[in-house]
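Work through the exercises below with the sequence and the 3D view open. Each task is followed by a solution in steps.

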Amino acid sequence: MDIRPIKTEADYQATMKEIEGLMSAEAGSAEGDRLDVLVTLVEAYEQKHYPIDFPDPVEAIKFRMEQQGLTVDVLVPVIGRKNRVYEILAQKRPLTLRMVEGLHEAFSIPAESLIKHSSNHGNHAA
């Protein structure tokens, strides 16, 4: 099996094209093994060159609400009174550690997404 590292964008594109041709390969076959190795190489390249940035904490909450059909009422036990939930969703109040832990546990929102500082609350020159 002649496999080379992905070092350039051209290597990446060529590997993606080869993967596309191998998508119907049977697991355990030589083509299936090649597909597994190429996918692993692509994943490593993408992690290094196209890191995924976590969304804004409020966007992560809204996404999960939409995804699971959640209402503001189900956030009350985790965040607090209904008006506090609305303040969080409007980005008028920051999440507390207790809220982050509760949202992570109750709704499986990645904690990393919930603790990222939004651009509105970034560092400002004094």
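**Exercise 1.** Which residues of helix 3 are buried?

Solution. Begin with the conventions. This is a predicted model, in which local features need pLDDT of at least 70 and side-chain atom pairs count only at pLDDT 80 or more, while totals for chains, interfaces and linings use all residues. Residues are numbered from 1 along each chain as its sequence is written, and side-chain values use heavy atoms, with hydrogens and water left out.

Step 1. Helices are DSSP runs of H or I with at least four residues, numbered from the N terminus. Buried means under 20% relative accessible area, exposed over 50%, and partly exposed in between (1.4 Å probe, protein chains only).

Step 2. The buried residues of helix 3 are Pro-57, Val-58, Ala-60, Ile-61, Arg-64 and Met-65. They lie on the same side of helix 3, because they cover an arc of only 160° around the axis; the arc is that of the directions from the helix axis to the C-beta atoms.

Step 3. On the face turned away from this buried side are the exposed residues Phe-63 and Glu-66.

Step 4. The buried residues pack against helix 4 (72-79), helix 5 (82-89), helix 6 (97-107) and helix 7 (111-115). Contact here means heavy atoms within 4.5 Å.

**Exercise 2.** Which residues of the largest nonpolar core touch the most other members?

Solution. Step 1. A nonpolar core is a set of buried Ala, Val, Leu, Ile, Met, Phe, Trp, Tyr and Cys residues joined through side-chain atoms within 4.5 Å. In soluble globular proteins, nonpolar side chains tend to be buried together.

Step 1. The largest core has 17 residues, and Ile-61, Leu-75, Ile-79, Leu-89, Leu-103 and Ile-109 touch the most other members. At least two residues of this core come from each of helix 3, helix 4, helix 5 and helix 6.

Step 2. Another core, of eight residues, lies apart from it and includes Ile-6, Leu-35, Leu-38 and Tyr-45.

Step 3. Thr-15, in helix 1 (residues 9-22), touches Ile-6, Leu-38 and Val-42, not counting residues up to four places away in sequence. Thr-15 counts as buried because its relative accessibility is 11%.

**Exercise 3.** How many salt bridges are there?

Solution. Step 1. A salt bridge is a side-chain nitrogen of Lys or Arg within 4 Å of a carboxyl oxygen of Asp or Glu. The count is four.

Step 1. One of them joins Asp-2 and Arg-4 (3.0 Å, N to O), and both residues are exposed.

Step 2. Another links Asp-73 to Lys-82, with the closest N and O atoms 2.9 Å apart. Asp-73 counts as partly exposed at 45% relative accessibility, and Lys-82 is partly exposed at 40%.

Step 3. Arg-93 and Glu-87 also form a salt bridge, their closest N and O atoms being 2.6 Å apart.
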